[in-house]
Amino acid sequence: MLKRQRTIKSPASIKGIGLHTGGRATITFKPGPVNDGIRFVRVDHPDNLEIPADIDYVIDTTRGTNLARDGVRIHTVEHVLAAVAGLGLDNIRIELDGDEPPICDGSAIPFVNALIEAGIVEQDAPREYLELDNPVLYSERENGLLKELVVMPSDDFHLTYMVDYQKSNLASQHTVLYSLEDEFVTEFAPARTWTFLSDVKALRERGLIKGGSLESAVVIADMDLSDEELDELKDLFGVEDRVVIGENGIVGTQPLRFDNEPCRHKALDLIGDLALLGAPLRAQVFGARSSHAANVELVRRIRGACVKKKPETGNADPSAPAQPVPGPPAPAQPAPAQPAPAQPAPAPEAALDIEDILRILPHRYPFLLIDRVIHMEPGKRVTALKNVTINEPFFAGHFPGHPVMPGVLIVEAMAQAGGLLLLNTIDEPKSKMAYFMGIDHARFRRLVKPGDQIRFELETIRMRMHACKMEGKAYVNDELVAEATLMAMITDRADRADRADRADRADRADQADQETTQ
């Protein structure tokens, strides 16, 4: 089904003070025309200066994401952008009569509620998505802590996030977002911004968080305070009574909205920063302890790596009028799978069943990763299957709560299929071993999850001096999920030659082959 662009039906406004500037402002959301994107409009400036919500306009990331154009700034846009992106809005004009949106309660839920009340409508243009062919990574170390962000190709948007700052009152936390449509409004939008108590005074001295309060942020007590220091906090937070620290280590009396609220808010910030791409992203995103600076750098790398920006396909009348959407819009549906290269026609029965595989390969549970061979041309090509179930032992520790088959095990399964191809060319395969000497050009195209059946197709590039070079591909439902070039060598099972010697022999074989072809 064709997915259309979305905007709101009528204007909606919120008033309040900005977190860092402390200035009062009114933010008004208004419908945007097709293909206009997300735009901030400074209505307090001549000609209603527009600043697109785009990575090219990011000017600063000090405790927030700040945009600027022609010397005019808008501070702390991430919560507003998270609300817009979380609801799947493509075109919207965000009018602002000050230099910072209201902080409200420190979360995105006030903006979300206003946008839902305004009504969400579809427009007469197909929605476009950004997609990746290869993973994108960013990491940096700050104050001894590693900030990491990884983005993997996927057919939809998913997010896994972790925080661990080695603070006594903030334990290691993680959260997973599977669906913006189903989870964003209730599970992530209400999560409030937060900081450590030890940072509050320094932030005030730097001219930041002028509009912050215990009603607009979660403050985590990461230091012991005397009664005198607690009294000083009254002036810092603008309250009349002595500030108390709850049993949960939170300054003030407000309870957390979620046990892992700090982690959920960091995920919320990342969703807002990813909106600076200018189009919704189809990817699996993994984050740990990232800052706005790290998020923005990741966005720049994604922008450079995206290989296509395409609308959904489907049957729909593009001239049809805009239609209202009852509540939050549905998320993007997966793009149609690209046809895989033609595969050899499988035999009506297994070429090798599990008993045959056990006789040839030395691997056993939990490391035997091939269930069946459906096609075999000895010395030329093989097609093998791996059924991925939730009972796989690696799911217990690999991204708990979001089972994804490790890429290295996909390559290992591919290598085992290659080993079957190689060993099936010789007599007495039980007396031989296939050692893999090299893996080149490994690429992972999409995630493999429980319920998938992986089809491995390997073809011999050359076989020489007991060494074999193979090209392997892995498919799920005819969609390429991984590929690699593998090099292996046959040795006796009793052979104790070390790996260096085997590698040297393999290199000599490779060199001899190159000299022959020159």
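My entries follow, one topic at a time.

**Ground rules.** I am working from a predicted model, where local features need pLDDT of at least 70, side-chain atom pairs count only at pLDDT 80 or more, and totals for chains, interfaces and linings use all residues. I number residues from 1 along each chain as its sequence is written, and side-chain values use heavy atoms, with hydrogens and water left out.

**Overall.** I looked up the secondary structure and got ten helices and 26 strands for the protein chain; helices (H or I, at least four residues) and strands (E, at least two) are DSSP runs, numbered from the N terminus. Of the 518 residues, 51% count as buried, where buried means under 20% relative accessible area, exposed over 50% and partly exposed in between, with a 1.4 Å probe and protein chains only. For contacts I take heavy atoms within 4.5 Å. Among those between residues at least 6 apart in sequence, 72% join residues at least 24 apart.

**Largest pocket.** My terms come from a 1 Å grid over the protein atoms alone: a cavity is a set of points where a 1.4 Å probe fits but cannot get out, a pocket is an open set with protein on both sides within 12 Å along at least five of seven lines, and lining residues have an atom within 4 Å of a point. Points are joined across faces, edges and corners, and a volume is the space filled by probe spheres set on them. The largest pocket holds about 1,000 Å³. I find 39 residues lining this pocket, with Arg63, Trp194, Thr195, Asp199 and Lys266 the closest to its centre. Elements giving two or more residues to the lining include α1 (78-86), β13 (145-153), α6 (261-274) and α7 (292-305). Which element gives the most to the lining? I noted α4, with five residues. By class I have 13 nonpolar, 14 polar and twelve charged residues in this lining; Ala, Val, Leu, Ile, Met, Phe, Trp, Tyr, Cys and Pro count as nonpolar, Asp, Glu, Lys and Arg as charged, and the others, Gly among them, as polar.

**Largest cavity, and Pro102.** I count one cavity of 30 Å³ or more, and the largest cavity has a volume of about 50 Å³. Its lining is Leu19, Thr76, His79, Val80, Glu100, Pro101, Pro102, Ile103 and Phe111. I followed up Pro102, which sits in the loop between β9 (92-96) and α2. Buried or exposed? Pro102 is buried, at a relative accessible area of 3%. Pro102 and Lys15 are 87 residues apart in sequence, yet their C-alpha atoms are 6.3 Å apart. Beyond neighbours within four places in sequence, Pro102 has contacts that include Ile14, Lys15, Ala25 and Phe111. Phe111 is also among the buried residues of helix α2 (residues 109-118). Just after α2, Gly119 takes a positive phi of about 90 degrees.

**Asn295.** I found Asn295 in helix α7, buried at 2% relative accessible area. Its side chain makes a polar contact with the side chain of Asp273 at 2.9 Å. That term means a pair of N or O atoms within 3.5 Å; within protein, one must be able to donate a hydrogen and the other to accept it, and residues adjacent in sequence count only if both atoms are side-chain atoms.

**Glu483.** Glu483 lies in strand β26 (residues 479-492) and counts as buried at 16% relative accessibility. I see a side-chain to side-chain polar contact with Lys473, at 2.9 Å.

**β15.** Why do I call strand β15 (residues 173-177) largely enclosed by the rest of the structure? Because four of its five residues are buried. Five bridges join β15 to β14 (residues 158-163), and the two run antiparallel; strands pair if DSSP finds at least two bridges between them. Thr160 stands opposite Val176 in β15.

Most residues other than glycine have a negative phi, and most peptide bonds are trans. I noted a cis peptide bond between Tyr365 and Pro366, with omega about 5 degrees. Asn35 has a positive phi near 65 degrees and counts as exposed at 59% relative accessibility. Asp47 has phi near 65 degrees too, and is exposed at 79%.
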